[in-house]
Amino acid sequence: MKKMIGLAALAVAGTVLAAKPDYATFICHRGESHDAPENTLPAYKMAVDRGFGFECDIYLSADKRVFTFHDGNLKRTTAGACTKKCAEASWAEEISKVDVGGWGKWKGSKFSPTRPALLEEVLELAVDGRQIYVEVKPGPEIVPYIKAVYAKQKKATNKNTLFIAFNRETCKELKKQMPEYKVYWLTSSGRKGKDKKWEETGADGVDCHFKPEVITADFIKAIKDKGYEFHAWTIDRLDQSLLAFERGAQTVTTNCAKKQLDEYKAKTR
């Protein structure tokens, strides 16, 4: 059975205390995406500067560079400047030349122009005591390239970065090639706990969409009792974050970490 190590779970007299909103328990979704364009270095740096860890999404370009982006194609956050699929676009000739800091509400902002970030640039922001959640979007074919990026840098370690993925085979390959790093299987709570195959991924835990009527304290306890971790995404209301923590979530991923933490501190003064 795996040994469960929660970021904010404290064993006191044999009782595990619930995590609470804090710098180590809020994970900034795609960086501090409430206040900076998602999946950009400014958003990641803002998260770190504010004291939080963050989540980023990665793809493999046609010329085999690992870069951060959420969607399967480049259309939305480039304001239509490039519509290619991430896997079919070249980093050197296309991806590195698009602006992902001036779309939507960010048009004309101080963040424009901003190009997508390479994984090696993101890992330079790693600091002990906080976590970078690297969401691996493609299948297992990307894993050797991730491993190569990690091998060439020194800041990111198994103490300050981990991997998350929806794809079971990707989880398996990450644990096979980079066993020293934690891997959480991503899933939607819409499955109502019926899908037990996540245990076959070899992952260290579950990172689950938080749907209160499904993700009960008993649901989370059943997972933890088997020696796995439990984390929740993506919650932007403090009352819902508090509920997730109360039920046993070890971290909560959110688009507005500072906003929620400020609200929590104001309520608990």
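## Helix pair H3 and H4

Helix H3 (residues 143-151) packs on H4 at an angle of about 40°, with the two axes 10 Å apart. The model is predicted. Angles of 65 to 115 degrees count as roughly perpendicular and those under 35 degrees as roughly parallel. H3 and H4 are therefore oblique to each other. The crossing of H3 past H4 is right-handed.

Side by side, the contact residues read as follows. H3 contributes Val 143, Pro 144, Ile 146 and Lys 147. H4 meets them with Thr 170, Glu 173, Leu 174 and Gln 177.

## Helix pair H6 and H7

A second pair involves helix H6 (residues 238-247) and helix H7 (residues 257-267). Their axes come within 10 Å and cross at roughly 80°. H6 and H7 are therefore roughly perpendicular to each other. On the H6 side, the contact is made by Leu 238, Ser 241 and Leu 242. On the H7 side, Gln 260, Glu 263, Tyr 264 and Lys 267 take part.

Two packed helices are described by the angle between their axes and the distance between the axes. For H3 and H4 these values are about 40° and 10 Å. For H6 and H7 the angle is roughly 80°, with the axes within 10 Å.

Strand E8 spans residues 183-187 and is mostly covered. Five of its five residues are buried. Both faces are covered. Val 183, Trp 185 and Thr 187 are buried on one side. Tyr 184 and Leu 186 are buried on the other.

E8 has a parallel partner in strand E7 (residues 161-165), joined to E8 by three bridges. Phe 163 has Val 183 of E8 as its bridge partner. Strand E9 (residues 205-209) also runs parallel to E8, with four bridges between them. Here Leu 186 stands opposite Asp 207 of E9.

## Backbone exceptions

Most residues other than glycine have a negative phi, and most peptide bonds are trans. Lys 64 has a positive phi of about 65° and is not a glycine. Lys 64 sits in the loop between strand E4 (53-60) and E5. Its relative accessible area is 44%, so Lys 64 is partly exposed.

Ala 79 is not a glycine either, and has a positive phi of about 55°. The loop between E5 and H2 holds Ala 79. With a relative accessible area of 62%, Ala 79 is exposed. The peptide bond joining Ser 112 and Pro 113 is cis, with omega about 5°. Pro 113 lies in the loop between strand E5 (66-68) and helix H2 (119-123).

## Lys 110

Lys 110 has its place in the loop between E5 and H2. The cut-off for exposed is over 50% relative accessible area. Lys 110 has 74%, so it counts as exposed.

The C-alpha atom of Lys 110 is separated from that of Ala 36 by 9.6 Å. Along the chain, Lys 110 and Ala 36 are 74 residues apart.

Technical notes: Residues numbered from 1 in each chain as written. Predicted model: local features only at pLDDT ≥ 70, side-chain atom pairs only at ≥ 80, totals over all residues. Heavy atoms only, no water. Buried < 20%, exposed > 50% of the residue type's maximum accessible area, 1.4 Å probe, protein only. Helix = DSSP H or I, 4+ residues; strand = E, 2+ residues; numbered from the N terminus. Pairing = 2+ DSSP bridges. Axes fitted to C-alpha atoms, helices over the stretch in contact; angles between N-to-C directions. Parallel < 35°, antiparallel > 145°, perpendicular 65-115°, else oblique. Left-handed = near helix turned anticlockwise from the far one by under 90°. Contact = heavy atoms within 4.5 Å.
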